[in-house]
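Here is a short report on a protein structure. Please look over the sequence and the 3D view before reading on.

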Amino acid sequence: MASVTDSLDAKHRTHFNKLQKKLRREVGKAIADYNMIADGDKVMVCLSGGKDSYTMLEILRNLQLSAPVSFELVAVNLDQKQPGFPEHVLPDYLEKEGVSYHILEKDTYSIVKEKVPEGKTTCGLCSRLRRGSLYGFAEEIGANKIALGHHRDDIVETLFLNMFFGGKMKAMPPKLRSDDNKNVVIRPLAYCREKDIVRFARYKDFPIIPCNLCGSQENLQRQTIKEMLNNWDREHPGRIESIFSAIQNVAPSQLADTRLFDFEHLEDGVQRAGQQAHRLDVVNLFGGH
């Protein structure tokens with residue numbers, strides 16, 4: 001089968017190779033930093049038909065060939081029964097690529113349309129229903145890791161969404177355990193920028209499937225945040241990277257959450273431990289969760 005580079009001229013082939021290496025390096029580093037994938041893992045790759053999940057699957061397949069550990073990949077798409085959804089697109093693509101896959105059929109579309117008033121944002125309920133269906137299916141097929149296609153921009157956007165509209169300093173962790181403790185969720189694209197993924201998807205010419213359920217809602221809060229961050233990025237290149245670095249470099253003593261830092265006994269702590277009083281044993285704090 002012809003590769004994507006066969007149809008490119010020398011200049012674009014060089015650009016594509018550099019981009020692919022960059023994405024591979026970033027995904028590989030995220031996997032290593034957060035111990036996302038171990039030997040013998042069965043990773044359920046959630047494939048929506050969007051640029052992010054296609055890219056995630058492609059890069060993971062690429063890394064699978066040279067990784068120091070052996071792991072299995074299985075693609076899973078949740079068919080939410082949206083009107084006009086092209087059901088043949090993903091199976092055709094995955095069969096052509098030789099990827100093991102499942103199509104999970106759940107009519108979450110009808111539930112969302114029934115529960116959410118016309119004109120209101122559907123994303124919250126839709127994502128909860130989708131997440132619940134996928135978590136349960138992972139157990140059925142024996143997958144011990146669930147890979148989602150959120151990238152660095154998604155993580156930063158979520159931070160500001162939660163700050164502006166939720167009153168929480170909270171983003172998307174690159175790796176987490178689900179509330180029921182039955183699933184481990186990983187985000188291999190955590191270090192990747194969306195603009196790189198857009199370019200990669202164009203080079204690969206993935207058969208993109210738009211989300212007709214919520215894609216037409218122009219006034220979503222996330223879209224507002226995205227535009228704000230894009231403006232910042234244009235005016236101050238590197239700001240997105242700096243914000244993401246801040247998520248990885250948290251100083252609890254410089255914030256105001258009494259659950260993360262023992263302000264009450266600060267004076268005693270200074271007398272006992274000097275500088276170390278400014279740090280809290282977060283491992284013990286969250287050990288029961």
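Helix H6 gives the most to the lining of the largest cavity, with three residues. This is a predicted model, in which local features need pLDDT of at least 70, side-chain atom pairs count only at pLDDT 80 or more, and totals for chains, interfaces and linings use all residues. Residues are numbered from 1 along each chain as its sequence is written, and side-chain values use heavy atoms, with hydrogens and water left out.

**The cavity**

The structure holds one cavity of 30 Å³ or more. The largest cavity has about 50 Å³ of space. (A cavity is a set of points on a 1 Å grid over the protein atoms alone where a 1.4 Å probe fits but cannot get out; lining residues have an atom within 4 Å of a point.) The lining is made by Asp153, Val156, Glu157, Arg193, Leu229, Asn230 and Ile240. By class, the lining has three nonpolar, one polar and three charged residues. (Ala, Val, Leu, Ile, Met, Phe, Trp, Tyr, Cys and Pro count as nonpolar, Asp, Glu, Lys and Arg as charged, and the others, Gly among them, as polar.)

Asn230 sits in helix H8. Its C-alpha atom is 8.8 Å from that of Ile240, ten residues apart along the chain.

**Two helices in contact**

Helix H2 (residues 51–64) packs against helix H7 (residues 194–204) at about 75 degrees, with axes 9 Å apart. H2 and H7 are therefore roughly perpendicular (65 to 115 degrees). On the H2 side, the contact (heavy atoms within 4.5 Å) includes Lys51, Asp52 and Thr55. On the H7 side, Ile197, Val198 and Phe200 are among the residues involved. Five nonpolar, one polar and five charged residues make up this contact.

**Positive phi and exposure**

Most residues other than glycine have a negative phi. Asn35 and Asp205 have positive values. Asn35 lies in the loop between helix H1 (10–33) and strand E1 (42–46). Asp205 lies in the loop between H7 and H8. The table lists relative accessible areas; buried means under 20%, exposed over 50%, and partly exposed in between (1.4 Å probe, protein chains only).

| Residue | Relative accessible area | Class |
|---|---|---|
| Asn35 | 48% | partly exposed |
| Asp205 | 63% | exposed |
| Asn230 | 33% | partly exposed |

Definitions and conventions:
Axes fitted to C-alpha atoms, helices over the stretch in contact; angles between N-to-C directions. Helix = DSSP H or I, 4+ residues; strand = E, 2+ residues; numbered from the N terminus. Parallel < 35°, antiparallel > 145°, perpendicular 65-115°, else oblique. 1 Å grid on protein atoms, 1.4 Å probe; cavity = no way out; pocket = protein on both sides within 12 Å on 5 of 7 lines; lining within 4 Å. Points joined across faces, edges and corners; volume = space filled by probe spheres on them.
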